[in-house]
Amino acid sequence: MSRAVAAILALLATAFGLLVEHLAHNWEFQPAWIPILDLGVGWVLVASGLVGAIARPSQPAGRRLILAGFLWFVGTPRQHEYLVIDDLAFAFQGYFDLVLVLIALSFPARWPARREERTVLVALGVVFGIRSVVRLVARGPDFGVHLLGDDLAYAFVAWVDVALASLFFIAGCLLLRRAVVSKQPMRRLIVPVAAAGVAASFAETYRFYYPLSQLGLVPPLSDDIGIPLSWMLNILRILVPLGILVGILRLRPDRSTITQAIADVGDAPTSLILRDALAGALRDPSLRILTWDEDAAAYRDETGAVVPTPVSTSQATVTPVDTGGRRLAALVHDPALDEDPSLVAAGVAVTRLALDNERLNLEISRQLVEVRASRARIVQAGDAERHRIERDLHDGVQQRLVALAMALRRAGAASEGESEAGRALDRGADEALVVVEDVRELARGIHPAVLTEAGLRPALQALADRSPIPVELEVDLGAEVTGTAAATAYFVASEALANIAKHADATTIRLTATTAGGRMALAIEDDGVGGADPTGSGLRGLADRVAASGGTFSVKAGPDGGTRLSAVVPLD
């Protein structure tokens with residue numbers, strides 16, 4: 001409701017209340033406190049309704065309170081010289097109580113959820129209608145209608161009032177039961193409203209006594225007792241709209257609680273953490289998050305157990321959580337939250353965000369594991385292919401070149417020693433041996449035979465021996481290093497020593513290799529000029545190879561200048 005509409009209704013309520021009090025001559029025939037209290041009850045009803053309608057436009061209780069306030073004034077213009085107005089006021093008196101009971105029995109929904117509550121409400125409406133007709137008939141002569149004798153007519157009116165008071169008493173009992181059996185957060189919302197409804201219902205039951213006295217079943221009360229008692233109950237009615245207003249205002253959405261829930265769940269929340277955060281944010285300890293298991297085609301609770309497909313009932317509402325047409329979960333929460341759809345939508349958004357992120361993280365983790373495994377398989381396949389090529393060169397090309405060199409030597413020795421042909425054969429043999437050395441060097445670069453035949457320690461020693469720069473070698477391998485880990489360490493050391501020899505202008509190199517905790521740590525330090533570029537093709541290739549093995553690789557400036565290259569490689 002807009003503030004402009006609320007202002008107009010407030011002016012109308014003020015004017016209407018003053019008008020009916022004037023028509024009733026209440027200021028002339030009664031003490032001033034009676035019309036003041038009469039105005040106060042009606043205006044408090046309207047004012048509470050306006051505040052509630054502005055604060056919660058989607059909640060009908062505020063608008064119904066406004067209606068109750070106007071209906072309060074309908075029964076006021078009595079004792080007027082125009083009997084038609086007096087008769088109409090008498091006939092339609094008390095309908096505000098019907099509206100108050102409707103609010104209390106249905107809040108925070110639009111209509112009561114239980115069958116017995118709806119039955120009592122319908123019965124109240126029917127009896128109110130009957131009472132209006134009976135009162136009009138009882139005042140029949142004023143309308144030119146006389147269907148019943150006076151005694152029978154007034155007896156009929158009295159018994160209808162008894163029936164109405166009985167129904168109000170039953171409604172009050174139902175409201176008490178509703179407040180007692182409700183769970184949080186419903187109880188927090190409906191207790192003030194139910195208390196107000198009970199007050200209105202039980203206040204109305206005083207009408208038991210008056211009609212019974214009219215029927216002669218009980219002695220009548222004197223005006224000294226009856227009038228103060230009646231207005232004491234009207235004073236109690238002032239508390240009714242205030243209690244309903246408290247319930248309406250408690251429905252106001254609190255976005256900060258949802259924001260806090262997002263912060264509480266963290267980066268990778270479990271279902272239990274997410275459930276607890278949302279239960280606190282939505283003030284619903286009974287809230288549950290059932291996640292959808294695509295493989296099992298069923299819901300699972302926070303412990304992972306399969307549960308039946310949830311359905312909405314009067315005790316719990318099921319709100320689905322979907323993303324892109326894909327089922328993620330279901331929120332099972334108190335029906336009281338249905339009256340605040342924006343707050344529930346925020347809770348659904350938090351759940352969707354957390355579960356979607358969890359699903360994406362799982363998929364990324366699976367993909368990452370597969371990528372790592374794929375890279376490791378590529379490295380292993382590459383090493384195996386390197387080893388095959390090295391073996392083919394050693395057992396095939398290299399041996400044939402050696403045999404060719406020996407054959408050329410023999411041919412040269414068999415020819416005339418100083419002849420041109422003999423010298424040509426000797427040069428061919430020398431060239432074949434040079435090619436053999438080139439093939440050996442090439443095979444060593446592809447996959448060193450010493451690594452396969454003797455192991456990592458001798459292979460590193462061979463690298464240190466061939467380095468043109470002195471290498472201080474420290475190798476402490478508590479476990480045997482073979483396979484991909486050994487090949488990775490060897491090629492990292494080989495590439496590092498080659499780069500230092502080409503670019504570092506170093507005088508000494510320190511190479512250490514140790515194993516601990518199922519991992520091997522390799523470090524190469526030099527005292528050169530530094531400035532190694534980790535993004536260069538050589539070092540970038542080493543980093544990729546180490547990463548493919550599941551290890552880590554870094555290039556940093558040394559503590560005393562130069563460069564420090566380190567790699568940690570899993571032994572498995």
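Q: Which residue takes a positive phi in the hairpin of strand 4 and strand 5?
A: Gly324 does, with a phi near 55°, and the hairpin has two residues between the strands. Strands here are DSSP runs of E with at least two residues, helices are runs of H or I with at least four residues, and both are numbered from the N terminus.

Q: What should I know about the model and the numbering?
A: This is a predicted model, in which local features need pLDDT of at least 70, side-chain atom pairs count only at pLDDT 80 or more, and totals for chains, interfaces and linings use all residues. Residues are numbered from 1 along each chain as its sequence is written, and side-chain values use heavy atoms, with hydrogens and water left out.

Q: How many bridges pair strand 4 and strand 5?
A: Seven bridges, in the antiparallel sense, with strand 5 covering residues 326–333. Two strands count as paired if DSSP finds at least two bridges between them.

Q: Which residues in strand 5 are the partners of Asp322 and Pro320?
A: Asp322 has Arg327 as its bridge partner, and Pro320 has Ala330.

Q: And what joins strand 1 to strand 5?
A: Four bridges join strand 5 to strand 1 (residues 288–293), and the two run antiparallel. Arg288 stands opposite Val332 of strand 5.

Q: In what order do the strands of that sheet lie?
A: The order is 3-2-1-5-4, an open sheet of five strands with antiparallel pairing. Strand 3 (306–307) and strand 4 (317–323) are the edge strands, each pairing on one side only.

Q: Why is strand 5 described as largely enclosed?
A: Six of its eight residues are buried, so the rest of the structure largely encloses strand 5. Buried means under 20% relative accessible area, with a 1.4 Å probe and protein chains only.

Q: Changing topic: what is the span of helix 18?
A: Helix 18 (residues 483–504) has its end C-alpha atoms 30 Å apart, which agrees with the 32 Å that its 22 residues should span at 1.5 Å a residue. The expected span is 1.5 Å times one less than the number of residues. Just after helix 18, Asp505 takes a positive phi of about 55°.

Q: How many helices and strands does the protein chain have?
A: There are 19 helices and 10 strands.

Q: What percentage of the protein chain is buried?
A: Of its 572 residues, 44% count as buried.

Note on methods:
Buried < 20%, exposed > 50% of the residue type's maximum accessible area, 1.4 Å probe, protein only.
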